[in-house]
Amino acid sequence: MESQSVLEIFKKITEIPRESGHEEKMTAFLQKFAADRGLGCKTDATGNVVITREAAPGKENVPAIVLQSHQDMVCEKNSGCDHDFARDPIKYVIEDGWMIAKDTTLGADDGIGIAASLALLDSDIPTGKLECLFTISEETGMDGANAIESGLFTAKTLINLDSEDEGQLFVGCAGGVDTTAVFKYSEESIDASFTALRLRIFNAIGGHSGDDINKERANTVQILGRFLYGEHSNGYRLVSFKGGNKRNAIAREAEAVIALEPAEAKALASRFRIFAEDLKAEYHKTDPDISFDCSEVDNPGKAVDKDTARRFIFALTAVNHGVLTMSQDIAGLVETSTNLAAVFMNVPGEIKVTTSQRSSTDSAKKFMADKVEAAFLLAGAEVSHSDPYPGWTPNMDSHILDVTVASYRKLFGVEPEVKAIHAGLECGLFLTKFPDLDMISFGPTLRGVHAPGEKLNLESNEKFVKLLVDVVTNFR
C-alpha cells in the first residue's frame, strides 16, 4: 500500500457529494466498496458504516483495531463561486507539493482518512482483524458518534484518522457545545428618500474554530458588528445582516444593508473607508487580503425595528469571540474558546446567531457557554444550547500510543510530538459507549480546513501512510 493508492481513492471521494446531513451517496459508495470485495459491512440506524476485514493467516491472535474517520465534509466556497456541493465534484489542483481546492473546501477533512482506511482494506498487507468505522455528520454535532450503536464494532483499540498535523500524535481533545441566539423582530417602514448601502467585508482567511481560534484571525461578523455599533447614534436603519456559515468555521465574509438619509449615507460611506484602512492595518499579518466594499443598493422600504436592531448590534459587539484561557498543563494548548460563527435571516421576523464553545475542562466549557448566553439574554434574545459532547482525557499509559511512538521513531528517526488538540474529535463520545477503548489520532498535514483553499500536503501524506501501515502491521 503506497500513498499514491490512498490519493487515488481520495480523488474518487472528491467526486461524491457528502455535506453534513447528506452523506447518502458516500454511505452507498462505502457499502458498494465492501460488497465488491466480499468484505463484511454493517450500517446502523444512524448511517454509521463499519467494514470488516478478517485477520490474515497467522494473525488471528493479533488484537483487532478500529480505523475511524467521518463521512461528511464542511462545504464552504468563496463568494461568486458557482460550485454546487450537492452535485459537482470538488475542483482541485496539485501545486508545489500540495493538493488544493482554490475556491471551495477540499474535503481532505476527513476524506483522506476514509481513503487511507479503504486503501488498507483493499491491500494484501497482512494484519489482524480491521474494523473500519465511518461515522456521519461529525462536522455538525458529531451525530454519528453520539448515536452509534453499542456493539457496532468489537475491537478495544481505535485509531482516529482525523488529525491535521503530520508528526503529531494526539491523545486528547476538547469537548464542545453550540449556543444559538434568536432575535425576534418586526418590520418597520422607512422613508422612501433614504439611501440604502450594502456594507461587505470579505476575503478574510477564516479557518477551523478549534485549530485556528488562537491565530487571531479576522472574524468578519464581529468586525461588521463593530462598525455598526460605532455608528449606532447616527440614525441608520438595519435592513439585513448575514455572515459566516458553519458553526465550526471562523466567519470569512459578512454583509449588511442599512438605510439612512442621503447626506448621512455619504458621510457613513466615507467613515467605512477609513474603518477599512484601520482594520487592514490591524489584520495585516493574519488576513492580508481582507477586503471592504460599500455600494448603493435599492431602498427596500422596510427595515428591522429600531429596538431589535440596536440590541442585536450591541450583542455582536459584546459577545466573546476567541480564546478565553490557555491550558495550565500543556504549553501552547488552548483550553477554552468560543466562536461567533454566523448570522442568518432566513426566517421572516428572526435573526439567528450561531456560536460554538470548546474546552478541555467541562466546567470551563459550561462557563464559556454561560458567558455567551448571558450576553445574548441581556440583549433580549432567545438562547438555546445543543447537547454538549465530551472531551477526551489523555492516557499517557496507552498501549497504542507506545506502539505508534516506537513506529514513528523507527521509520523517521525522530520523536513525534504527543499532544492534545483544541479541536473536537469523536473519541470522547466513543468512550461513553465503549469505555475500554484505547485510542490515538494522527493524520497528514492539512491547512485551511473548513475554508476555501483547504489543502493537503502530499509529502506528509506519504509519511502518514507509512506510519499507519507500520502500526497495523506490527501491532501486538
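This is a predicted model: local features need pLDDT of at least 70, side-chain atom pairs count only at pLDDT 80 or more; totals for chains, interfaces and linings use all residues.
Two strands count as paired when DSSP finds at least two bridges between them. Strand 24 and strand 25, the latter spanning residues 455-457, run antiparallel to each other and are joined over two bridges.

Four strands make up an open sheet, with antiparallel pairing and the order 4-5-25-24. At its edges sit strand 4 (93-95) and strand 24 (446-447), each pairing on one side only. Helix 11, residues 458-474, packs on this sheet and touches strand 4, strand 5 (98-100) and strand 25. The direction of helix 11 makes about 60° with that of strand 25.

Now turn to helix 5, which covers residues 220-230. Is this helix mostly covered or mostly open? It is mostly covered, with eight of its eleven residues buried. Among the buried residues are Val221, Ile223, Leu224, Phe227 and Leu228, along with Thr220 and Gln222. Have a look at the start of helix 5 too: there a side-chain oxygen of Asn219 comes to within 3.0 Å of the backbone nitrogen of Val221.

Our last stop is Asp305, found in the loop between strand 17 (302-304) and helix 7 (306-318). Asp305 is buried, yet it has no salt bridge. Leaving aside residues up to four places away in sequence, Asp305 touches Tyr185, Ser186, Glu188 and Arg237.

Notes. Residues are numbered from 1 along each chain as its sequence is written. Side-chain values use heavy atoms; hydrogens and water are left out. Contact means heavy atoms within 4.5 Å. Axes are lines fitted to C-alpha atoms, for helices over the stretch in contact, and angles run from 0 to 180 degrees between N-to-C directions. Buried means under 20% relative accessible area, exposed over 50%, partly exposed in between (1.4 Å probe, protein chains only). A polar contact is a pair of N or O atoms within 3.5 Å; within protein, one must be able to donate a hydrogen and the other to accept it, and residues adjacent in sequence count only if both atoms are side-chain atoms. Lys and Arg count as positive and Asp and Glu as negative; His and the chain ends are not counted. A salt bridge is a side-chain nitrogen of Lys or Arg within 4 Å of a carboxyl oxygen of Asp or Glu.
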